[in-house]
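Biologist: Pick one part of this model and take me through it up close, please. I'd like the contacts, the cut-offs behind them, and how that part ties in with the rest.

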Amino acid sequence: MRAALLHETGQDKLDVLDDVEAVGFGPGRARIRIRATGLCHSDVSAMNGVLPQPAPFVPGHEGAGEVLDVGDGVTHVKEGDRVLVCWLPACGRCPACRRGQTQLCLAGFMNAGTPNFRRTDGGADVFGFAGTGTFAEEVVVDASCAVPIPDDVPFDIAALIGCGVTTGLGAAINTADVAAGSSVAVIGCGGVGIAAIQGARVKGAAEIVAVDPVASRREAALKFGATRAVAPDELADARRTVTADEGFDYVFEVVGKSSTARTAYETTRRGGTLCVVGAGAMDDQVQFTMFELFFDEKRILPSLYGGGDVLRSYERAIALWRAGRIDLEGMITHRVRLTEVNEALEQMRSGTALRTCIEL
């Protein structure tokens, strides 16, 4: 089968090969034919080493498709079912799951260290990013990664819900719990940032300022619910205009860098909430003084995968989409085939794409 492969961490292009097969099928597992997958910035971060991932690996973790087969003991899905791929499934047994914080379950992360592909020419092991690897025609995953979707949800929409939409919406709805009538700033307006903007709008924010260096992303943000959109060097003026220089009630950092996290902190009002959504590097440290942490009483809330039960978050996203409360079709600005995956990477790096859908 075909798959897009990164041979070594640090390479900027993928190699689309025909000699890759999905492996590991057996009890408790599911084989899925991928029909659509989104390109998320986390894929690029894994490619360049910002996020840890053994190589060689097949990127992709935001996918949807059809179940081809299930192993013994799998009862919640069957052959022919339409599913999205959950890259962070909950085991239901660990302390985090028992506390109701299923997004903190480590079972899914453990899957990333087990090869789930193999080269048929030579038999070399190949990993799947985040234990999935949806830049492939087929994947074999733990059955808990296969989440059934209703028939009216297209594969491309389901793929977005599998990561970016759930992450951004959840940051605003679950983690920050944006209050109606509040002021919000979102720093970084790619797919996840746009989803956070839509989440803040759904929650009733009065002012939503989108911050991004790319003009096309700023224009898009206005269509998805931002009340104004500014370049990073215009953020200080927006703060003065919108909040009388007090600072925003909620600021979402969706870039994953210490510099933007620091800017987000400074842009948050005293007693306000900074929500950290961007996935950054392990060695990128942000500094705060003990005095400002005490004196400003700003809440710093990291948000992993939307900060809530992912299955419930999927259901909520579908319900909001059906009701016309959020726009998911409009987030897909580009479509490519798997053989054009490197074009999709350039679209993301240049900022011209909110989300590129790879159709398989």
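Modeller: Let's start with D245, which is partly exposed at 38% relative accessibility (buried means under 20% relative accessible area, exposed over 50%, and partly exposed in between, using a 1.4 Å probe and protein chains only). Before going on, the ground rules: this is a predicted model, where local features need pLDDT of at least 70 and side-chain atom pairs count only at pLDDT 80 or more, while totals for chains, interfaces and linings use all residues. Numbering runs from 1 along each chain as its sequence is written, and side-chain values use heavy atoms, with hydrogens and water left out.

Back to D245: its side chain meets that of R239 in a salt bridge, 3.3 Å from N to O. A salt bridge here is a side-chain nitrogen of Lys or Arg within 4 Å of a carboxyl oxygen of Asp or Glu. The whole structure has 20 of them. Another pairs D81 with K78, with 3.1 Å between the closest N and O atoms.

(Helices, H or I with at least four residues, and strands, E with at least two, are DSSP runs numbered from the N terminus.) D296 is buried, with a relative accessible area of 14%, and R270 is partly exposed at 47%. Elsewhere, salt bridges with shared partners join D156, R335, R337 and E359 into one network.

Now for the interface. The chain is split into domain 1 (3-163 + 308-359) and domain 2 (166-302), with bounds that come from an automatic or database domain assignment. Over C-alpha atoms, the two domain centres are 27 Å apart. In contact terms, 24 residues of domain 1 touch 24 residues of domain 2, where contact means heavy atoms within 4.5 Å. The area buried between them is about 1800 Å², with carbon and sulfur atoms giving 58%; buried area is the accessible area (1.4 Å probe) that two parts lose on being put together, summed over both. On the domain 1 side, R316, M331 and L354 lose the most area to domain 2, together 28% of what that side buries.

What about charge pairing there? On the side of domain 1 that touches domain 2, the elements giving two or more residues are helix 4 (155-161), helix 11 (310-322) and helix 12 (341-350). Helix 11 gives the largest share, 5 residues.

Next comes helix 5 (residues 164-175), which holds T175. Of its 12 residues, 11 are buried, so helix 5 is largely enclosed by the rest of the structure. Among the buried ones are G164, L169, I173 and T175. T175 itself has a relative accessible area of 16%, and its side chain joins that of S303 through a polar contact of 2.7 Å. Leaving aside neighbours within four places in sequence, T175 is in contact with G170, C275, L301, P302, S303, G306 and G307. Just after helix 5, D177 takes a positive phi of about 50°.

C275 leads on to the cysteines. C275 is buried, at 1% relative accessible area, and its sulfur lies 14 Å from the closest cysteine sulfur, in C189, which is too far for a bond. C40 is buried as well, at 4%; its sulfur is 4.2 Å from the closest cysteine sulfur, in C163, and that is also too far for a bond. With a disulfide taken as a pair of cysteine sulfur atoms within 2.5 Å, the count comes to 0 disulfides.

Technical notes. Polar contact = N/O pair within 3.5 Å; in protein donor to acceptor, adjacent residues only side chain to side chain.
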